[in-house]
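Hi,

Here is the structure I promised to pass on to you. Please have a look, and my notes follow below.

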Amino acid sequence: MQTQLIDAENLFRLVHFFDIVAAVVFAVSGSLVASRKNMDVMGFMWFAVITGVGGGTVRDLILNVPVFWVQNPAHVSACLATAVVMHFIAPLVESRYKTHLWFDAFGLALVSIAGTVKAMDVGAPALVAIAMGAVTGTVGGIIRDTLGHVPSVLLSHEIYITASVLGACTYVGANALGIDRLAGMIAGFIVTFTARGLAIRYGLSLPVFRESTKRERWKSEPKDVAGD
């Protein structure tokens with residue numbers, strides 16, 4: 001029993017550490033938007049924080065649980081520190097954008113599973129837990145893009161939100177099958193990271209909606225006006 005307790009505590013610390021790392025990665029992406037908008041250091045801080053903790057904040061509000069960074073401000077502190085550093089080195093990071101995409105994939109995979117786990121821990125149904133995983137992983141970026149007036153990840157054809165959902169589904173499925181908690185988390189992480197990584201490497205995307213030829217022809221044809 002004591003060994004299991006220690007293992008659980010070590011797992012919590014490890015997840016908490018990587019959760020902060022993920023917040024920093026997302027804060028970098030928020031800071032890059034601020035740099036493209038030629039903002040001052042306060043603008044960098046705002047975008048870094050909203051991107052780093054936005055998804056988890058919305059998740060906790062929906063689940064009606066205490067907001068994680070209010071209880072422990074380590075995530076916000078890390079985002080603020082990242083913003084200050086990025087204010088001076090943003091061009092250097094921008095030149096290595098491809099590398100940042102891979103770090104972002106790591107952060108996406110981690111927080112998507114962490115959000116799913118938290119939702120299930122508070123008793124949310126499986127479908128809600130999957131949605132909370134996607135919210136945790138993607139909403140911060142959506143808010144960032146909306147405030148920064150840049151094309152949202154929602155409008156991108158690349159696999160991003162889909163990767164988050166796939167990982168969350170993997171964890172929920174593993175949990176339903178009675179698979180060990182840590183093994184389920186690792187499996188969910190691998191699925192999300194792999195799906196996003198393949199999209200980065202090969203530009204993969206899901207099929208998009210195309211209007212039928214018949215409808216396009218109908219839209220291009222002149223319409224009869226009543227009374228003519």
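Let me start with the second largest pocket: 22 residues line it, and Tyr97, Leu101, Arg144, Asp145 and Val153 are the ones that lie nearest its centre. By pocket I mean, on a 1 Å grid over the protein atoms alone, an open set of points where a 1.4 Å probe fits, with protein on both sides within 12 Å along at least five of seven lines; lining residues have an atom within 4 Å of a point.

Before going further, this is a predicted model, where local features need pLDDT of at least 70 and side-chain atom pairs count only at pLDDT 80 or more, while totals for chains, interfaces and linings use all residues. Residues are numbered from 1 along each chain as its sequence is written, and side-chain values use heavy atoms, with hydrogens and water left out.

Back to that second pocket. Its space comes to about 520 Å³, a volume being the space filled by probe spheres set on the grid points, which are joined across faces, edges and corners. The elements giving two or more residues to its lining are α1, α5, α6 (126-148) and α8, and α5 gives the most, with five residues. Helices here are DSSP runs (H or I, at least four residues), numbered from the N terminus. The lining has nine nonpolar, six polar and seven charged residues, where Ala, Val, Leu, Ile, Met, Phe, Trp, Tyr, Cys and Pro count as nonpolar, Asp, Glu, Lys and Arg as charged, and the others, Gly among them, as polar.

The largest pocket holds about 700 Å³. Of its 28 lining residues, Phe12, Val15, His16, Asp19 and Lys118 lie nearest the centre. Helix α1 supplies the largest share of this lining, nine residues, and by class the lining splits into 14 nonpolar, nine polar and five charged.

Now for the rings. The whole structure has five aromatic pairs (Phe, Tyr and Trp rings, the last by its six-membered ring, with centres within 6.5 Å; planes under 30 degrees apart are stacked, over 60 edge-to-face, the rest tilted). Phe17 and Phe18 have ring centres 5.3 Å apart and planes at 65°, so they pair edge-to-face. Phe18 also pairs edge-to-face with Phe106, with centres 5.8 Å apart and planes at 65°. Phe18 sits in α1 (residues 2-36) and Phe106 in α5 (residues 97-121), so this pair ties together parts 88 residues apart in sequence. Ring pairs link Phe17, Phe18, Trp102, Phe106, Phe189 and Phe193 into a cluster.

Happy exploring!
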